There are 2 protein chains.
Amino acid sequence: MRLTRYSDYSMRVLIYLAARTEKRCSISEIARAYGISENHLMKVVNDLARGGYVASMRGRTGGLRLARPASEICVGEVLRLTETDFDLVDCPSCLISPACGLQGVLGEAVAAFLAVLDRYTLEDLMRRKADMLALFASRNDGTGVAITPAE
Amino acid sequence: MRLTRYSDYSMRVLIYLAARTEKRCSISEIARAYGISENHLMKVVNDLARGGYVASMRGRTGGLRLARPASEICVGEVLRLTETDFDLVDCPSCLISPACGLQGVLGEAVAAFLAVLDRYTLEDLMRRKADMLALFASRNDGTGVAITPAE
């Protein structure tokens with residue numbers, strides 16, 4: 001079971017901006033930090049801006065930052081925006097879908113899934129922000145850092 | 001968010017066999033019923049047989065049937081077998097995964113998702129078995145049937 005890469009990258013952008021609240025960030029800096037394509041991030045960042053999660057300022061002192069505090073950005077809400085849908089299987093192509101109970105059961109399971117995510121904010125993901133910053137820095141300075149895995 | 005096509009087809013096979021308990025079925029018959037490739041179903045059926053969900057009998061009177069009653073086949077258990085993993089995003093490729101809280105939160109959401117599916121059996125999906133059989137028959141005889149959508 002997978003979320004789209006688009007959702008994955010959207011969460012990465014928000015997490016990066018939540019880690020670097022002291023400064024304005026650029027798309028190329030975020031792409032470099034994660035080792036992913038800058039092109040892939042353009043649409044992600046535009047859509048996060050349109051959704052009211054990211055503020056984008058033009059000009060020499062411009063850049064990206066969170067549009068609201070991380071404590072006010074709900075993980076479930078973000079993923080509802082970034083996922084095209086939560087239709088886990090291809091029921092529309094299936095002959096028996098009008099009578100089959102699978103869709104309803106999967107729908108109930110997805111609701112339970114999202115209910116958990118609705119209880120968490122971006123801030124909850126940042127409990128080890130200092131370690132995250134050290135990991136980001138390790139890519140830039142090439143030293144590497146030893147961080148014990150998150151629980 | 002998507003399950004793999006492999007899981008989708010596994011559920012389709014089990015639902016077909018649960019609808020046609022009065023007879024032995026063939027892979028080609030199931031493929032025709034859903035309008036999907038027979039080749040794709042070969043591995044699905046083999047793995048369901050290995051998992052103890054489908055019994056396969058050789059010979060002239062042979063064919064496929066459920067290896068246990070539909071009421072003893074748990075939906076959550078089947079999907080745990082058929083999904084490669086429930087790693088929703090690509091954390092292993094992400095620099096900050098040792099310190100990031102996203103993995104834990106998604107893991108909790110997946111656990112809630114599976115807990116719902118663990119409460120349902122294949123039998124629960126078959127409440128409108130007569131309508132399902134009518135829909136399968138409509139493909140064979142080309143008449144089409146009007147069935148109101150499942151709730």
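This is a predicted model: local features need pLDDT of at least 70, side-chain atom pairs count only at pLDDT 80 or more; totals for chains, interfaces and linings use all residues.
On the chain B side, 51 residues are in contact with 51 residues of chain A. Four elements of chain B each supply two or more residues to this side: helix H1 (5–19), helix H2 (27–34), helix H5 (102–117) and helix H6 (129–141). Of these, H5(B) gives the most, with twelve residues. Sorted by class, the side of chain B that touches chain A comprises 34 nonpolar, five polar and twelve charged residues.

The relation between the two copies is simply stated. Chain B is superposed on chain A by a rotation of 180 degrees with 0.0 Å of shift along the axis, at an RMSD of 0.0 Å. The two copies are therefore related as by a two-fold rotation axis. Within chain B, Phe113(B) has the C-alpha nearest this axis, at 2.5 Å from it. Both copies use the same surface, as 100% of the contact residues of chain B recur in chain A.

Strand E1 (residues 54–57) and strand E2 (residues 63–66) of chain B run in the antiparallel sense and pair over four bridges. Together, E1(B) and E2(B) form a hairpin, with five residues between the two strands. In the turn of this hairpin, Gly59(B) has a positive phi of about 95 degrees.

Note on methods
Residues are numbered from 1 along each chain as its sequence is written. Chains are lettered from A and ligands numbered from 1 in the order in which they are written. Two residues are in contact if their C-beta atoms, placed from the backbone, lie within 7 Å. Ala, Val, Leu, Ile, Met, Phe, Trp, Tyr, Cys and Pro count as nonpolar, Asp, Glu, Lys and Arg as charged, and the others, Gly among them, as polar. Copies are superposed by least squares on the C-alpha atoms of residues with pLDDT of at least 70 in both. Two strands pair if DSSP finds at least two bridges between them.
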